Amino acid sequence: MGLPLTLSYEPGRIKGVVNVDLTPESVAQLGAVLGTILGEGTLVVMARDFYPPSRMLKRAFSSGLMSTGVTIMDFHGASLPELAFSIKRFGAKAGIHFTVSVAKEDTILIKLLDSLGTEMTIERTKEIIKLYETKHIVRTIPKRIGWISYAEYIHDIYTAAIIGMLDVDPIVSFEPKVVVDLNFSPASEVVPDLLSEIGVNAITLNSHKPPLRRGVRHLPSTEGLNGLSNIVKTSDAHLGVALCADASRIVLIDDKGAILTPDETIGLMMSFLPEGSKVVISDTVTEAVDSIAEKKRIKLLRVRGVTGDVARQARKVRATLAATDKGEFIYPSFSLSPDGILSLGRVVEQISLREKPLSELRKDIPKLEKYELKVNVGENSFTAILDYLSASFTQVMAVVTGVKIIEGKNWAYVEPDFKERTLKVSVEKPDKEKIELAKKVVEVVEGIISEISKS
């Protein structure tokens, strides 16, 4: 059977259906291509989530790298933040992480990080794909085949580094109670110990490997977030947190059970910063954060592009914080990759310093005028509807708590309301074009619900 000649890719990311697009053979070839580009004798760090296909494909990629003389430091099951943190510390030329894709549970996403820990540029990604398609590979002689070193201690090193970034004394004094959904991710190797060491009373959920013969989702499901919300309220916790499968994204839930959108969380994180800070954000973040920037004299830069573009701009201007409305937060002084675990630590630190519940702190986030429509979903699955909706538009952003439908310069936000069993479709600072977009999205949602009901 011949190898597939085309793969789906975007800057710093390659994805495909397991055993269809991404087979052990094709992924081994991808590894050999990257090894050819990096050169014999270089060091690459690698990790994966706990999903069995990720494990299979990482091993295949490793064999391809070794065949070109590349040495591998293997972290086994480890989060993306740990991998990115390790790159500069160990002098690696690249970092490779395997995780379940946002799109489908049978699709694996290969994240490619450069020597700075940022996701590779589109130019480098295209180079890898081109050499893969032309099968341009330079293998080494048997005596120079690369080694694999297993670095289990990365969890301890990373945990210690996170603690060094936090003001721990206020946390120990406040004794916050936090509920964390680890979403079957390798963050379970870090977060429980981290929270214990900084004095947090924690309830951890889904802190084990995925159930046997069941798929996993990269993002927490909308139903899962609703369940987490209920647990936060009934346990009288100060905070609820959900992480994605590689711990690069975070969702916050306040003490009253309200789920914060990524845009709200960006505003919250900005409100924690000292005056005069520099912040880089993606261009589709709510304009409400501009008010926070003005109030705190924060220099706010918007960047069009993907996560890697935001990170590179943050490094260029020496920003304190960078964020996207996908729930990603980057701390350039620590790492140039999104870090949901450090974000968790930051929020716990700030509610402890202020000795206020999150519901009080989020009141300071400004609100913009909105045009909102609601669609009754009945007993249909919110997650299923949002999955179908994402496939119905050309430009869709999964923002953890819902989706953003983007057309030109306008975007509509779609999020579930569990109490009313409705999907809310909203646009900010409404004008004729934005209102028409909202109505268009509602029509598509109604069509999806109709089709689901028939099946």
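**Strands and helices of the predicted model**

In strand β11, the bridge partner of Leu-243 is Ile-250. The structure is a predicted model, in which local features need pLDDT of at least 70 and side-chain atom pairs count only at pLDDT 80 or more, while totals for chains, interfaces and linings use all residues. Residues are numbered from 1 along each chain as its sequence is written, and side-chain values use heavy atoms, with hydrogens and water left out. Helices (H or I, at least four residues) and strands (E, at least two) are DSSP runs, numbered from the N terminus.

Strand β10 (residues 239-243) runs antiparallel to β11 and is joined to it by four bridges; two strands are said to pair if DSSP finds at least two bridges between them. Six residues lie between the strands of this hairpin, where Ala-247 takes a positive phi near 65 degrees. In a regular strand, side chains alternate between the two faces of the sheet. In β11 (residues 250-253), Ile-250 and Leu-252 point one way, whereas Val-251 and Ile-253 point the other way, and all are buried (under 20% relative accessible area, with exposed over 50% and partly exposed in between; 1.4 Å probe, protein chains only).

Helix α8 (residues 222-234) contains 13 residues and reaches 19 Å from its first C-alpha to its last, close to the 18 Å expected at 1.5 Å a residue; the expected span is 1.5 Å times one less than the number of residues. The buried residues of α8 are Thr-222, Leu-225, Leu-228, Ser-229 and Val-232. They cover an arc of only 115 degrees around the axis, which puts them on the same side of α8; the arc is that of the directions from the helix axis to the C-beta atoms. Among the elements that cover these residues are β10 and β11. Asp-236, which follows α8, has a positive phi near 55 degrees.

A separate paragraph concerns the open sheet. Its four strands have the order β13-β12-β14-β15, with mixed pairing. Because β13 (299-303) and β15 (328-330) stand at the edges, each with a single partner strand, one side of each is left without a neighbour in the sheet. Strand β12 (residues 278-282) pairs with β13 in the parallel sense over five bridges, and Leu-301 of β13 is the bridge partner of Val-280.

In helix α15 (residues 432-454), the 23 residues should span 33 Å at 1.5 Å a residue, which agrees with the 33 Å between its end C-alpha atoms. Its buried residues include Leu-437, Val-441 and Val-445.

Note on methods
Contact means heavy atoms within 4.5 Å.
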